[in-house]
2 protein chains.
Amino acid sequence: MAKERVTVIDIARAAGVSKSTVSLVLQGSSLVNEATRAKVNAVIRDLGYVYNRSAANLRQAKSKIIGIVVNDLTNSFFAELAVGVDAVVQSAGFVQFLANTGEKSERQREVIASMREHGVSGLIISPARGTEAADLAPLVESGIPVVLVVRDIAGAGVSSLISDNRAGALAAVRHLIARGHRRIAFLGGFADTAVFQARVRGYRDALREAGLNAGDDLVIGSAPSRAGGVTAIEQAMMLEERPTAALCFNDAVAFGVCDGLRARRLEPGADFAVIGFDDVIEAKTAVPALTTVSVDPQGMGERAAELLLKQIKAGRAEPEAIVSPVRLVVRQSCGAAIERRLKEVSS
Amino acid sequence: MAKERVTVIDIARAAGVSKSTVSLVLQGSSLVNEATRAKVNAVIRDLGYVYNRSAANLRQAKSKIIGIVVNDLTNSFFAELAVGVDAVVQSAGFVQFLANTGEKSERQREVIASMREHGVSGLIISPARGTEAADLAPLVESGIPVVLVVRDIAGAGVSSLISDNRAGALAAVRHLIARGHRRIAFLGGFADTAVFQARVRGYRDALREAGLNAGDDLVIGSAPSRAGGVTAIEQAMMLEERPTAALCFNDAVAFGVCDGLRARRLEPGADFAVIGFDDVIEAKTAVPALTTVSVDPQGMGERAAELLLKQIKAGRAEPEAIVSPVRLVVRQSCGAAIERRLKEVSS
DNA sequence: TGACGAGATTGGAACGTTCCAATTATTAGT
DNA sequence: ACTAATAATTGGAACGTTCCAATCTCGTCA
């Protein structure tokens, strides 16, 4: 069954031309006569020829592969990021190598090594927790274009594309304050990540400018997952002075917070305001629809891919650090429902 | 910056051995003396050598790549499936090529072609909607091991691994009937897929064996997403005789149904019983925790990968069709909460 | 001492493609 | 009709590895 490989030489023989001509046809060169091109293409189809990229890569020392390594594919934020990357990478004629590190830096080392061995021409990395510049040093020295997404690493010397976490948190908390909230919690996330710190900074700045004290008791970390959100809100509700609103580390945490609230017979959006971060697709269809800071993961993936492609084309490009703007999308979970209900009553 | 490639020949020169010896070291052959092995390894480290898999693949006509193509990475079921595959594939020393087709068969054709060009040694495919045996024919003729997951394709002549959809639906509906429900809907999913049909078959069989009529008005299709669930339940509640319970096509639909219920001030689990299908990670932490038919996507990914690896190792294996058992996980959303509340009151 | 075999090592061919320089075929200009 | 320019085609080398058969180096045994 496993038939002989048909090669460019077989095609050449069958079409009565040389292998060089076949090669030219394969890469769509304008040098070859229309008639021969047609003939060669016909033979290619007939013999069921499959191009051997390994051989091509070997000769021209560049592949059409780009690698993307994410720290948690299970989180739909990263899944969406990956489909964004996939979309633009595909249409540029590249193919995507995707690996999931599950936040383990050992695994990350392995997959990056493996990708280099396969000769990827660029890499998009959302680094695992605790990744340091030194971990990436051999990679960047090799001259392979790299763009870091979501999480930046100081001193890595490569391009990065992160969202404006501080500004997003600032806007969200200002919104809550404008609605009259005074005890506002920050829930979820690992405190040792740069993303967490940036978001908390925005949170604190907003409180400060409103003259509210940003006590540490209201910043409660947890795993950045739905389950983490449940535990975080439980902890928050144990406090002497309970918060009335929360900005969550991400949407997954926010959903968990809603779950935890309901478990205590509190209705998110009515009895307690919750704002998420990321704007994953489910945010708009959830009930109540989640107010969140939109970072458009898919769009981010697209932009990261474009940036990488640009660098690949340019050969050697200066690293750029892009911070992607972010906007607050106000939906129901932050208390819009309360106002509406008041209006309904008064009318 | 972009330094010269260091090759096996450079290593050989620096270590004072031949390239053949270096090659032997690279593949961990026992033929080479311990002392030379150590020396070669040291030089490899010093020079920062990167193995060139393209060259190796070219020579030995087999790669360490397996491809996985999924129809919707945005759906966390498939994301989890992918991480399951990734886990076993990685530890077998393979690397994973992941592509997302977004249900478009054109895209699917492209990515499969691309994977073949890269010389993948096996393929795990969750086919896009509407894929036919003919679409896969050239692939399977080439002798590359293929395993189909989630969705089987009649007459494709390759291995498949699907879950026991009929049995799962049967168990779920029996459970609802045992709880006293008489008007039970089947919500969500595209009616033209084999998975949908199998699940509906189980649903109908359960109703029939209880002597209930399985009227078509209670089977309501929709997109298999959260948003689809919202529209499906809305449609169901328009019926003259409203259902009191629903089996949903998958968990995403089930979550949407819960959302839709809440939008009508109905509490899922208390006022209406809902059962999902798949058991994605969020199912157990949601509120109310989702009763669902557990298919363990990650485990399925692992099993699919193992099956594929087995076939790759065996060279040529008879296609096997595995149907993976499934079990009903009873949590709150199907009405457990009602009973518990009754008990609380009476005690 | 010579033959033998096991343990290590080696040079060259091969994998399927692309690139280069060279060649042939075709057309245009004088 | 001859040259120049252009269009189309070509053979061979090269890419970095693995495989094969051959070689070399010992120590052992008769």
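**Chain B, chain A and DNA strand C**

Mentor: Between chain B and chain A, the count is 2 salt bridges. The model is predicted, and local features need pLDDT of at least 70, side-chain atom pairs count only at pLDDT 80 or more, and totals for chains, interfaces and linings use all residues. Residues are numbered from 1 along each chain as its sequence is written, chains are lettered from A and ligands numbered from 1 in the order in which they are written, and side-chain values use heavy atoms, with hydrogens and water left out.

Trainee: Why is the pair of B:Arg53 and A:Glu117 called a salt bridge?

Mentor: The term requires a side-chain nitrogen of Lys or Arg within 4 Å of a carboxyl oxygen of Asp or Glu; the closest N and O atoms of B:Arg53 and A:Glu117 are 2.5 Å apart, so this pair meets the definition.

Trainee: What makes up the contact of the two chains?

Mentor: Counting heavy atoms within 4.5 Å as contact, chain B and chain A give 46 residues each.

Trainee: Why does A:Tyr49 count as being in polar contact with DNA strand C?

Mentor: A polar contact is a pair of N or O atoms within 3.5 Å, and a polar side-chain atom of A:Tyr49 lies 2.4 Å from a phosphate oxygen of DNA strand C, so the pair qualifies.

Notes: Polar contact = N/O pair within 3.5 Å; in protein donor to acceptor, adjacent residues only side chain to side chain.
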